[in-house]
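Subject: Structure handover

Hello,

Please find the structure below, with the sequence alongside. My notes on what was found in it follow.

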Amino acid sequence: QRQLVESGGGLVQPGGSLRLSCAASGFTLDYYTIGWFRQAPGKEREGVMCINRDGATTNFADSVRGRFTISRDNAEKTVNLQLNSLNAEDTAVYYCAAAPLNVCSESNTAYIYWGQGTRVTVSS
């Protein structure tokens with residue numbers, strides 16, 4: 001069965017960094033646009049960043065602009081999300097998702113495969 005798995009979440013102090021990874025089982029990420037989403041406690045799921053299958057990236061959330069970076073790691077066969085300068089508002093469960101598209105989309109319906117999420121907690 002085709003499946004996505006996120007990893008790298010954890011507890012970090014404000015100003016710290018984390019590196020989240022998204023790996024695929026049963027298919028390759030190379031031919032999918034990969035989006036990262038997050039859902040904070042009591043809030044709706046929001047798009048964070050996306051990388052299409054041509055390598056172009058899109059930032060969805062203004063609050064993470066300049067702090068987060070999405071990339072593909074061909075050696076590890078993963079899509080990663082580097083989280084820098086973290087603050088308490090970044091606390092959320094982070095999900096990766098795959099869409100059979102050529103361009104990035106912020107719409108949840110565009111993504112047909114989702115991971116189980118990895119929890120990021122920013123606290124002192």
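A place to begin is Leu83: beyond its neighbours within four places in sequence, Leu83 is in contact with Gly16, Ser17, Leu18, Leu20, Arg67, Phe68, Tyr94 and Val120. Please keep in mind that this is a predicted model.

Leu83 belongs to the largest nonpolar core, which has 29 residues. Leu83 is also among the residues with the most contacts inside that core, together with Ile34, Trp36, Phe68, Leu81 and Tyr94. At least two core residues come from each of the strands β3, β4, β5 (46-51), β7 (68-73), β8 (78-83), β9 and β11 (118-122). Strand β9 gives the most, with 4 residues. There is also a second, separate core of 8 residues, and Cys50, Phe60, Cys104 and Ala110 are included in it.

Next, the aromatic rings. The structure holds 6 aromatic pairs. One of them joins Phe27 and Tyr113, with 5.0 Å from centre to centre and 35° between the planes, a tilted arrangement. Phe27 is in the loop between β3 and β4 (33-39), while Tyr113 is in strand β10 (residues 113-114), so this pair ties together parts that are 86 residues apart in sequence. Phe27 and Tyr113 are both buried. Another pair, Phe37 with Tyr111, is edge-to-face, at 5.1 Å centre to centre and 80° between the planes. Here strand β4 holds Phe37 and the loop between β9 (92-99) and β10 holds Tyr111, so the parts tied together are 74 residues apart in sequence. Both of these residues, Phe37 and Tyr111, are buried as well. Ring pairs also link Phe27, Tyr32 and Tyr113 into a cluster.

Arg45 has two rings to note. It lies over the face of Tyr95, 4.5 Å from the ring centre. The charged end of Arg45 also sits over the ring of Trp114, at 4.6 Å from the centre of that ring.

Ser21 lies in strand β3 (residues 18-25). Its side chain makes a polar contact with the side chain of Asn80, at 2.8 Å. Not counting residues up to four places away in sequence, Ser21 touches Val5, Glu6, Ser7, Trp36, Val79 and Asn80.

Regards

Note on methods. Residues are numbered from 1 along each chain as its sequence is written. This is a predicted model: local features need pLDDT of at least 70, side-chain atom pairs count only at pLDDT 80 or more; totals for chains, interfaces and linings use all residues. Side-chain values use heavy atoms; hydrogens and water are left out. A polar contact is a pair of N or O atoms within 3.5 Å; within protein, one must be able to donate a hydrogen and the other to accept it, and residues adjacent in sequence count only if both atoms are side-chain atoms. Contact means heavy atoms within 4.5 Å. Rings of Phe, Tyr and Trp (its six-membered ring) pair if their centres lie within 6.5 Å; planes under 30 degrees apart count as stacked, over 60 as edge-to-face and the rest as tilted. Buried means under 20% relative accessible area, exposed over 50%, partly exposed in between (1.4 Å probe, protein chains only). A charge sits over a ring if NZ of Lys or CZ of Arg is within 6 Å of the ring centre and within 35 degrees of the ring normal. A nonpolar core is a set of buried Ala, Val, Leu, Ile, Met, Phe, Trp, Tyr and Cys residues joined through side-chain atoms within 4.5 Å.
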